[in-house]
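Take a look at the model below.

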Amino acid sequence: MSEAFKVEKTEEKVILVGVSFREGDDAEDSITELAELAETAGARVVGRTVQSRENIHPGTYVGRGKLQEIRQMVLDLQADGIVCDDELSPAQLRNMERELDCKVMDRTLVILDIFAARASTSEGKIQVELAQLRYRLSRLTGLGTSLSRLGGGIGTRGPGEKKLEMDRRLIKTRISQLKRELKEVRQHREITRGQRSQSHTKVAAIVGYTNAGKSTLLNRLTDANVLEEDKLFATLDPTTRNLKLDSGQEILLTDTVGFIRKLPHHLIEAFRSTLEEAKYADFIIHVVDSSNPQREKQMHIVYETLRNLGVEGKKIITLFNKQDKLQQEEILKDFKADYTLKISAVTGEGLEEVKETLEKILREDKQFLEGIFPYDAAGQISIIRKFGELLEEEYREDGIYVQAFVPVEMYKNLKRILK
């Protein structure tokens with residue numbers, strides 16, 4: 001009889017390390033967020049330290065004295081490794097591992113690990129692998145001749161190929177393959193966008209800082225059944241759902257990946273096609289966690305990310321979410337938004353006002369149409385119902401009298417049919 005073994009998942013114990021450049025910066029907030037990221041990735045934070053410096057040390061991230069202090073912390077707290085709050089260069093990574101004699105990770109690696117665990121669609125998996133390989137490729141340097149190896153068997157005698165060079169070549173080959181696959185996905189996405197524009201259905205992209213409640217909002221408005229978790233990057237792959245408003249008008253809502261401070265450039269590049277859903281949307285729904293004391297900074301990061309993606313000149317509805325978590329009434333403002341509303345996606349508070357605002361925005365892009373359609377053109381009424389807002393419909397002897405708001409691009413054709 002075989003003996004059963006109980007396998008327990010090991011939890012890495014880590015120490016967080018950050019650098020503060022001036023008094024009053026967001027170094028402490030950033031470290032707190034890094035703790036959430038580390039815990040989301042499955043680690044346990046056992047300590048943290050922030051060094052005040054004019055700039056990051058080019059060789060060791062922090063100064064030599066601080067490095068010795070961290071080494072002692074690792075021994076005292078029996079930590080498995082450290083996580084730095086910025087992306088480390090290959091030299092910094094190598095020097096710190098040698099000095100500390102423990103595993104050294106950076107913010108980018110932790111975020112990539114979370115993304116790898118969250119990706120569920122083929123597109124998401126391609127984008128994550130591409131980001132991981134780009135990150136790894138930039139670190140395949142300066143490891144010396146220790147990676148040289150001799151082959152065995154016929155045709156493999158001689159010095160062989162350095163493992164470093166082989167790894168670099170394999171990674172570059174895989175990156176090229178993934179880029180081709182991603183190009184096909186992007187082409188498919190562009191075709192989908194083209195079909196949407198031909199159908200005259202407006203698209204709103206839901207954006208916001210990670211864990212602001214975007215997925216909960218989408219679920220409440222459209223019954224999308226998207227995963228909701230009180231974790232950073234709970235959902236990764238974009239979800240598009242149809243929302244039918246009270247007037248009969250329809251709108252497509254697209255949930256996008258959450259933004260975060262110091263979002264790694266590898267991810268922005270790899271997830272560009274997904275993030276660009278905001279660029280090609282007709283307007284933006286910006287979800288803000290109003291209960292978070294850092295909401296102003298988070299809003300700034302969202303707008304900076306949108307600007308970097310070229311998302312400009314669109315109407316913005318800012319939804320100050322999680323009103324149910326506020327202890328007292330607060331003044332909430334967003335000067336960059338065209339509309340601001342207070343909501344709770346969990347309780348449903350303010351969601352009717354959200355729908356009314358969407359109706360109002362859709363109407364702003366439409367033209368008022370009034371007249372009588374002949375009975376042989378009655379099919380046009382259903383088109384108005386789907387893409388416009390039918391205000392009045394009356395069947396008369398000479399035809400169907402209609403008052404409606406219709407998309408500008410449809411107005412001329414419909415006007416010609418009227419008696």
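The model is predicted.

**Helix pairs**

Two packed helices are described by the angle between their axes and the distance between the axes.

| Pair | Angle | Axis distance |
|---|---|---|
| H1 (residues 27–40) and H4 (residues 107–118) | roughly 40° | within 9 Å |
| H4 and H5 | about 155° | 10 Å |

Start with H1 and H4. Their axes cross at roughly 40°, so the two helices are oblique to each other. The crossing is left-handed. H1 brings Ser30, Glu33, Leu34, Leu37, Ala38 and Thr40 to the contact, and H4 brings Arg107, Val110, Ile111, Ile114 and Arg118. Six of these contact residues are nonpolar, two are polar and three are charged.

Now take H4 and H5. Angles over 145 degrees count as roughly antiparallel. H4 and H5 are therefore roughly antiparallel to each other. H4 passes H5 in a left-handed crossing. From H4 come Thr108, Leu109, Leu112, Phe115 and Ala116, while H5 supplies Val128, Ala131, Gln132 and Tyr135. This contact has seven nonpolar residues, two polar and no charged.

In soluble globular proteins, nonpolar side chains tend to be buried together. Here the largest nonpolar core has 42 residues, and Leu267 and Leu306 have the most contacts inside it. Elements that each supply at least two residues of this core include H1, H4, H5 (122–137) and H11 (295–308). Leu267 touches Ile111, Leu112, Phe115 and Ala131, leaving aside residues up to four places away in sequence. Another core lies apart, with 24 residues, among them Leu218, Ala345, Val354 and Ile361.

Definitions and conventions:
Residues numbered from 1 in each chain as written. Predicted model: local features only at pLDDT ≥ 70, side-chain atom pairs only at ≥ 80, totals over all residues. Heavy atoms only, no water. Axes fitted to C-alpha atoms, helices over the stretch in contact; angles between N-to-C directions. Helix = DSSP H or I, 4+ residues; strand = E, 2+ residues; numbered from the N terminus. Parallel < 35°, antiparallel > 145°, perpendicular 65-115°, else oblique. Left-handed = near helix turned anticlockwise from the far one by under 90°. Contact = heavy atoms within 4.5 Å. Nonpolar A, V, L, I, M, F, W, Y, C, P; charged D, E, K, R; others polar. Core = buried A, V, L, I, M, F, W, Y, C linked by side-chain atoms within 4.5 Å. Buried < 20%, exposed > 50% of the residue type's maximum accessible area, 1.4 Å probe, protein only.
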